[in-house]
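Here is a short briefing for a reader meeting this structure for the first time. Keep the model open beside the text and look up each part as it comes.

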Amino acid sequence: MDPYPARFTGRVPVATARVAGEGLEPGGEADGQVAVAGRLVARRGQGKTAFADIEDRSGRIQVWATLDRLGPDGLALIAEAHLGDIVGIRGAVVRTRRGEVSVAASSVDMLAKALRPPPDRHAGLRDPETRYRQRYLDLMASEEVREQFVTRARAIAGVRRFLDDRGFIEVETPALQPIYGGAAARPFVTHHNELGRDLYLRIATELYLKRCLVGGLDKVYEIGKDFRNEGVSFKHNPEFTMLETYEAYADYDDVARMLEEMVSQAAREATGGFVVPWKGGEIDLTPPWRRVRLVDALREASGIDVLEHPDAADLRARMREAGLDAPDDAPWPKLVDGILSQALEPTLVQPTILMDYPLELSPFAKRRADDPRLVERFEAFCGGMEIANAFSELNDPDDQRERFAMLQADRAAGDDEAQPADEDFLVALEHGMPPTGGLGLGIDRLVMLLTDRHSIREVILFPAMRT
């Protein structure tokens, strides 16, 4: 026989075949025949009768193989197949006398011979290296892992549906960029031979999406990969999936309300409700979420009022008095971020929106009219990690040029994550961009919350690994 045929016609999902047998009495048989296919996961019996279980994404079903229906060659094929082989079965759906819905096989086809054994179904894959490097084995061994990635797909579909229903259009922007920007990160660099120049894998989609608003696309979004040449941690992978949205004539308060509604709807579509399990407890994603000013939350968590220490050396000394790590070479914005990550972020388990960030931390956000030291920016936290970032977007080209100059000063002082100035983006702003609310939502971290997974590697099918 050909152990790798090109096709198996007429196949229906296992779940469909099971439905045909649910109403049968023990010993009953449904009309007609079905064709099912899947991986062989169990086999038992001997002599003139054999039983096997096959599994596809929709479920598992028993195959009832007998000599009188299959003949010696057909029975031998099912009796001698190895666990892990992919087989096709045609036959009537029946309910055995013991009440098991089965396919009474009238023919058996080998569809793909497995040359390596499958992982043990009972013990599962326990080695994280094997699970992440050979994710197909992880998926093969664990229905829970398969369902986790189905949940991811449902969540992304829910986000898309939410935005599409509200008049946003999905666009695609370059992943290879001549100038990277939109975030504080080190980029990956590559070289284009024909153009004879270096290009960067994008660290964010922000600056190109804003160009779309300049052109008159008032509500846009993109779900795509970003790439940042940074360390790997439980919440960081060099390649990750981000949603960015930009809405003209909206501000960060409008975006905060949209975020609450969007995340809660995605949770409901992916898991069935607004409350999800998390580390033995629960997280309630029901809107509205708690909101607090960043500087107030930092003072409550650490005892430090960052606005009273505008000098880096002064803030560094105060942090060390409070027992916080404060590197000698860290500029003031990095020190503020250090207080957030060390003292505050781990405590933000229930969804919380931190509002109104210092100007130095936010090069693309509008200043607050009542306090020019702060900008209209929020970050959303849940499960002890940041999941979203949003601004009332800066659309004054002169102010933006000054912010870029501040960033260049930071680069000159040794901050290799400060982004370069983008003159083409400034030219775009000079043509006029309407008042805009922008949002970035980490899809991978959202899926971590919805599936009670505590490492980003668990929710990325093929995460980056060391050699």
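Helix α9 (residues 312-321) packs against α10 at an angle of about 20°, and their axes are 9 Å apart. The two helices are therefore roughly parallel to each other. This is a predicted model.

**How the helices pack**

- The crossing of α9 past α10 is left-handed.
- On the α9 side, the residues that meet α10 are Ala-312, Leu-315, Arg-316 and Met-319.
- Their partners in α10 are Trp-332, Leu-335, Val-336, Gly-338, Ile-339 and Gln-342.
- Helix α5 (residues 143-165) and helix α13 (residues 443-451) form another pair, with axes that come within 10 Å and cross at roughly 120°.
- The crossing of α5 and α13 is right-handed.
- From α5, the contact uses Gln-148, Thr-151, Arg-152, Ala-155, Ile-156 and Val-159.
- From α13, Ile-443, Asp-444, Leu-446, Val-447, Leu-450 and Thr-451 take part.

**Nonpolar cores**

- In soluble globular proteins, nonpolar side chains tend to be buried together.
- The largest nonpolar core here has 47 residues.
- Val-306, Leu-315 and Leu-354 have the most contacts inside this core.
- Helix α10 (residues 332-344) gives the largest share of the core, 7 residues.
- Val-306 touches Val-295, Leu-298, Leu-315, Trp-332, Val-336 and Ile-339, leaving out residues up to four places away in sequence.
- Leu-315 of α9 is also among the residues that meet α10.
- A second, separate core has 44 residues, including Met-262, Trp-278, Leu-446 and Leu-450.
- Leu-446 and Leu-450 also belong to the α13 side of the contact with α5.

**Buried helices**

- Helix α6 (residues 206-214) has 8 of its 9 residues buried, so the rest of the structure largely encloses it.
- Those buried residues are Glu-206, Leu-207, Tyr-208, Leu-209, Lys-210, Arg-211, Cys-212 and Leu-213.
- The cover over them includes the strands β7 (176-177), β10 (219-227), β11 (239-248), β18 (385-392) and β19 (436-442).
- Helix α12 (423-430) is also part of that cover.
- After α6 comes Gly-216, with a positive phi near 110°.
- Helix α1 (residues 14-22) has Val-14, Ala-17 and Gly-21 as its buried residues.
- Seen down the axis of α1, they fall within an arc of 65°, so they line one face of the helix.
- Among the elements that cover them are β1 (34-46), β2 (49-56), β3 (59-66), β4 (86-95) and β5 (101-112).

- Ala-104 sits in strand β5.
- Its relative accessible area is 7%, under the 20% that marks a buried residue.
- Ala-104 and Leu-70 are 34 residues apart in sequence, and their C-alpha atoms are 9.6 Å apart in space.
- Leaving aside neighbours within four places in sequence, Ala-104 contacts Trp-64, Arg-69, Arg-90, Gly-91, Ala-92 and Val-94.
- Gly-438 belongs to strand β19 and is buried, at a relative accessible area of 2%.
- Gly-438 and Ala-390 are 48 residues apart in sequence but 5.4 Å apart in space, C-alpha to C-alpha.
- Not counting residues up to four places away in sequence, Gly-438 touches Thr-245, Tyr-246, Val-255, Asn-389, Ala-390, Phe-391 and Glu-393.

**Backbone features to look up**

- Most residues other than glycine have a negative phi, and most peptide bonds are trans.
- Pro-287 and Pro-288 are joined by a cis peptide bond, with omega about -5°.
- Pro-288 lies in the loop between β13 (281-284) and β14 (290-293).
- Lys-279 is not a glycine, yet its phi is positive, about 50°.
- Lys-279 is in the loop between β12 (275-278) and β13, and counts as exposed at 56% relative accessibility.
- Asp-356 also is not a glycine and has a positive phi, of about 65°.
- Asp-356 is in strand β15 (residues 352-358) and counts as buried at 7% relative accessibility.

Key
Residues are numbered from 1 along each chain as its sequence is written. This is a predicted model: local features need pLDDT of at least 70, side-chain atom pairs count only at pLDDT 80 or more; totals for chains, interfaces and linings use all residues. Side-chain values use heavy atoms; hydrogens and water are left out. Buried means under 20% relative accessible area, exposed over 50%, partly exposed in between (1.4 Å probe, protein chains only). Helices (H or I, at least four residues) and strands (E, at least two) are DSSP runs, numbered from the N terminus. Contact means heavy atoms within 4.5 Å. The arc is that of the directions from the helix axis to the C-beta atoms. A nonpolar core is a set of buried Ala, Val, Leu, Ile, Met, Phe, Trp, Tyr and Cys residues joined through side-chain atoms within 4.5 Å. Axes are lines fitted to C-alpha atoms, for helices over the stretch in contact, and angles run from 0 to 180 degrees between N-to-C directions. A crossing is left-handed if the near helix is turned anticlockwise from the far one by less than a right angle, and right-handed if clockwise. Angles under 35 degrees count as roughly parallel, over 145 as roughly antiparallel, 65 to 115 as roughly perpendicular and the rest as oblique.
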